[in-house]
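Look at the model shown here. Keep the sequence at hand, and follow the side chains as you read.

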Amino acid sequence: MNNCIGERNTRYFMAFLLWHFLLCLYGTVAIGLVLAGRLKELRVIDILTVYYGFENSFSSLAPHVVVWLLDSYNTQILIMVFLAIVSMLLAGFLAYHTKLCVTNTTTNETFKWQEYLNWKRKVNEAKASAAALKSSLGELNQEMMRPVSKWKAFFRRSHLEEVEVVKNNIYDKGLLQNVSEIVIPLSTRRSFIQRKSKSG
């Protein structure tokens, strides 16, 4: 892309990831089918079972077939394995960016959200800890007046367990609206351009 991914080129980046994933997957499947065709054409399984006397089962034939393939077609197998690994990596990258598009979030915002959530969690834990300390001091004063079982204090729930932080994304407008903003960005729509020209 040779550029930052922003509002106007996200759709091209997603298409780039999708097509490269599909091409790598196609290459993996095509090479696999070619090698399977060569196995059938050269009757390797028949030769192994009839002439060498191996049992006609997957567990006994698979190691010998793999050795024959690696010996005869090592370059094609290397390319097939490479394409399979790259297609899995591209699938993960595509899934991550699809999630970002569906939630209308950028990668930078994702990392900043994580920092914000960690900070908010620490603040909430500090508040809960202060409240727990305050309530335990109050209970301590009450305990001086009356004896309380030690087991009751042992099994009491901590206030820190109730701390919950909620992520609130104000840009998330729902699945369909988020996807439509990727396919047709707001800055390229006529209504946005007319509004901008009137104000400027």
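Predicted model: local features only at pLDDT ≥ 70, side-chain atom pairs only at ≥ 80, totals over all residues.

Start with E41, which counts as exposed because its relative accessibility is 54%, and exposed means over 50%. R38 and E41 form a salt bridge, with their closest N and O atoms 2.8 Å apart.

Where do R38 and E41 lie? Both sit in helix 1. They are three residues apart, which is about one turn of the helix. R38 is partly exposed, with a relative accessible area of 27%.

How many salt bridges does the count come to? The count comes to three. Side chains of opposite charge can pair when their charged atoms come close.

R43 and D46 make one of these bridges, at 3.2 Å from N to O. D46 is partly exposed, at 36% relative accessibility. K173 and E181 also form a salt bridge, and their closest N and O atoms are 2.8 Å apart.

Is E181 buried or exposed? E181 counts as buried because its relative accessibility is 11%, and buried means under 20%.

## Two residues with positive phi

Most residues other than glycine have a negative phi. R43 has a positive one, near 55°. R43 is found in the loop between helix 1 (10-41) and helix 2 (44-51).

N104 is not a glycine either, yet its phi is positive, at about 55°. N104 is buried, because its relative accessible area is 19% and the cut-off for buried is under 20%.

## Spans annotated in UniProt

An unreviewed UniProt entry carries the annotation "transmembrane region" for residues 12-36 and 76-96. In the model, residues 12-36 are 100% helix and 0% strand. The end C-alpha atoms of that span lie 36 Å apart.

What is the make-up of residues 76-96? Here, too, the chain is 100% helix and 0% strand. The end C-alpha atoms of residues 76-96 are 30 Å apart.

Conventions:
Residues numbered from 1 in each chain as written. Heavy atoms only, no water. Helix = DSSP H or I, 4+ residues; strand = E, 2+ residues; numbered from the N terminus. Buried < 20%, exposed > 50% of the residue type's maximum accessible area, 1.4 Å probe, protein only. Salt bridge = Lys/Arg side-chain N within 4 Å of Asp/Glu carboxyl O. UniProt positions renumbered as here; feature names shortened; annotations may be inferred.
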